[in-house]
Amino acid sequence: MQAIKPLAKSTVRSGADSDLGGFGALFDLRAAGYQDPILVAATDGVGTKLKVAITAGRHETVGIDLVAMCVNDLVVQGAEPLFFLDYFATGKLEVEQGRQIISGIAEGCRQAGCALIGGETAEMPGMYGSGDYDLAGFSVGAAERGRLLDGTGCKAGDVLIGLASSGVHSNGFSLVRRVVEKAGLDYGDAAPFAPGQTLGEALLTPTRIYVKSCLAAIRAGHVKALAHITGGGFWENIPRVLPDDLAAELDVAALPLPPVFRWLAETGGVGAAEMARTFNCGVGMVVVVPAEQAGDAVAIFGQHGEEARIIGRLVSRASGGESSGEPVRMSNLDAAWALD
């Protein structure tokens with residue numbers, strides 16, 4: 001607890017002023033500047049990426065992943081993440097391992113602008129093997145009533161902006177681990193796709209947190225909808241934020257496949273369609289904006305450190321010839337990525 005308190009203290013923000021260690025944590029919405037807020041909650045984990053961290057003996061970044069998976073799901077609804085709680089379970093607590101994990105969680109909270117106000121560390125001998133652990137997180141955000149994003153304002157002709165991912169993020173690692181095994185590599189070996197890094201270091205690059213850049217674009221009035229590209233890739237996540245009568249038409253020429261994904265595809269024998277369904281393939285967030293505001297939106301994202309580019313547009317779901325009715329259209333993807 002004494003090692004964790006200063007880490008939590010470093011994440012304090014307006015509205016969060018309770019001490020860590022009580023039976024419950026408090027948050028003052030009025031002190032955070034809200035008048036008539038709607039609360040939005042999200043919970044998630046890191047998945048089997050933890051197996052890579054455990055095998056590689058590197059635990060300093062998975063806490064960032066944990067926060068990212070929750071807060072990115074909040075901001076897509078137009079909510080500002082306010083606070084975060086974690087659950088860390090292990091067979092026997094290894095203090096340095098735990099400190100690295102919680103340090104990562106605190107860093108993720110700082111990147112997202114939310115407070116780490118509590119959590120639970122559980123020792124469960126017999127449940128977890130030596131060195132094994134699991135992580136889960138829970139975050140709450142808020143938006144003023146009437147300002148949530150629900151995609152209802154989207155229309156044909158709106159532009160899709162893609163925000164670059166930092167790598168694989170935190171989805172698809174069961175497949176990643178199978179590819180690594182098939183390649184006969186250890187996580188301490190040189191990464192075939194990232195010069196100067198070990199395979200473990202490269203694969204453990206933490207999930208990018210898009211909160212501050214997306215909030216800036218939302219507050220500027222540019223954003224109609226946001227889709228966090230996690231499990232299910234483009235095919236499943238973009239339709240979640242669109243009205244039923246609209247489809248996303250993606251320009252595959254604007255979606256070059258980054259080296260880590262090309263290595264996974266070619267080494268694992270994974271086709272283009274399956275890659276786009278399993279991984280983010282270089283785009284961690286998709287933003288829907290009015291066509292006339294696309295340039296301004298790209299500029300705002302750039303000012304906040306994002307690599308942003310136009311990757312497509314919205315069209316009527318009834319149009320598109322053979323693609324008619326499909327919610328996501330990526331013509332000639334196999335040829336563009338040259339995987340099949």
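Start by selecting F27 in this predicted model: F27 is buried, at 18% relative accessible area. The structure holds four aromatic pairs, and F27 with F83 is one of them, a tilted pair with 5.3 Å from centre to centre and 40 degrees between the planes. F27 sits in the loop between α1 (5-9) and β1 (37-45), while F83 belongs to strand β2 (residues 80-90), so the pair ties together parts that are 56 residues apart in sequence.

Next, select F193 and W263. Their ring centres are 5.5 Å apart and their planes lie at 45 degrees, so this pair is tilted. F193 is in the loop between α5 and α6 and W263 in helix α9, so parts 70 residues apart in sequence are tied together.

Move to helix α5, residues 173-183. Its buried residues are F173, L175, V176, V179 and V180; viewed down the helix axis, they fall within an arc of 150 degrees and so line one face. Those residues pack against α2 (49-56), α6 (199-203), α9 (259-268) and α10 (272-278). On the other side of α5, look for the exposed R178, E181 and K182. Just past the helix, G184 has a positive phi of about 70 degrees.

Finally, show α3 (residues 62-75) with α7 (residues 211-219). Their axes are 10 Å apart at an angle of about 5 degrees, and the two helices are therefore roughly parallel. At the contact, V71, N72 and V75 of α3 meet V211, C214, L215 and I218 of α7. By class, this contact has six nonpolar residues, one polar and no charged ones.

How values were computed: Residues are numbered from 1 along each chain as its sequence is written. This is a predicted model: local features need pLDDT of at least 70, side-chain atom pairs count only at pLDDT 80 or more; totals for chains, interfaces and linings use all residues. Side-chain values use heavy atoms; hydrogens and water are left out. Axes are lines fitted to C-alpha atoms, for helices over the stretch in contact, and angles run from 0 to 180 degrees between N-to-C directions. Helices (H or I, at least four residues) and strands (E, at least two) are DSSP runs, numbered from the N terminus. Angles under 35 degrees count as roughly parallel, over 145 as roughly antiparallel, 65 to 115 as roughly perpendicular and the rest as oblique. Contact means heavy atoms within 4.5 Å. Ala, Val, Leu, Ile, Met, Phe, Trp, Tyr, Cys and Pro count as nonpolar, Asp, Glu, Lys and Arg as charged, and the others, Gly among them, as polar. Buried means under 20% relative accessible area, exposed over 50%, partly exposed in between (1.4 Å probe, protein chains only). The arc is that of the directions from the helix axis to the C-beta atoms. Rings of Phe, Tyr and Trp (its six-membered ring) pair if their centres lie within 6.5 Å; planes under 30 degrees apart count as stacked, over 60 as edge-to-face and the rest as tilted.
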